[in-house]
Amino acid sequence: VQLQASGGGLVQPGGSLRLSCAASRSILSIDRMGWFRQAPGEQRELVATILSDGSTYYADSAKGRFTISRDNAKNTVYLQMNSLKSEDTAVYYCNSRIGLTFDWGQGTQVTVSS
């Protein structure tokens, strides 16, 4: 699966951003799609996932602030990020899983700073 992430940028603390991940095939055929992030000097970490049945999972750091959703017609998954904090600064990566096959998008930079 080819994944194209977009929507990153510079935002002030407390602000919002919406990331998009466009897939090259029907996302209904993808077992799981998710967003990960990697801050400088840190390991890549899971942010949120959405399964083919629509169920979602959030890391503790994302609960209550981030929302993962999808548009099946556009084969796109979104990550709405609200109440952003400086510690959310990272490169955000879109990920897909079909069986034991994982694919990654190119990453989009999110910087939260005043």
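**Ring contacts and the nonpolar core**

The charged end of R18 sits over the ring of Y78, 4.2 Å from the ring centre. A charge counts as over a ring when NZ of Lys or CZ of Arg is within 6 Å of the ring centre and within 35 degrees of the ring normal. The model is predicted, so local features need pLDDT of at least 70 and side-chain atom pairs count only at pLDDT 80 or more, while totals for chains, interfaces and linings use all residues. Residues are numbered from 1 along each chain as its sequence is written, and side-chain values use heavy atoms, leaving out hydrogens and water.

**Aromatic pairs**

- The structure holds two aromatic pairs; rings of Phe, Tyr and Trp (its six-membered ring) pair if their centres lie within 6.5 Å, and planes under 30 degrees apart are stacked, over 60 edge-to-face, and the rest tilted.
- F36 and W104 form an edge-to-face pair, with 4.9 Å centre to centre and 70 degrees between the planes.
- This pair links distant parts of the chain, 68 residues apart: F36 is in strand β4 (residues 32-38) and W104 in strand β10 (residues 101-104).
- Strands (E, at least two residues) are DSSP runs, numbered from the N terminus.
- F36 counts as buried because its relative accessibility is 13%, whereas W104, at 38%, counts as partly exposed.
- Buried means under 20% relative accessible area, exposed over 50%, and partly exposed in between (1.4 Å probe, protein chains only).
- The ring centres of Y93 and W104 are 6.4 Å apart and their planes stand at 90 degrees, so this pair is edge-to-face.
- Y93 lies in strand β9 (residues 90-98) and W104 in strand β10, so the pair ties together parts eleven residues apart in sequence.
- Y93 counts as buried, at 15% relative accessibility.
- Ring pairs link F36, Y93 and W104 into a cluster.
- W104 also has a charge over its ring: the charged end of R44, 4.6 Å from the ring centre.

**Nonpolar core**

- The largest nonpolar core has 27 residues, and M33, W35, L79, M81 and Y92 have the most contacts inside it.
- Such a core is a set of buried Ala, Val, Leu, Ile, Met, Phe, Trp, Tyr and Cys residues joined through side-chain atoms within 4.5 Å.

**Around S20**

- S20 lies in strand β3 and is buried, with a relative accessible area of 17%.
- Leaving aside neighbours within four places in sequence, S20 is in contact (heavy atoms within 4.5 Å) with Q4, A5, S6, W35, T76, V77 and Y78.

Key. Helices (H or I, at least four residues) and strands (E, at least two) are DSSP runs, numbered from the N terminus.
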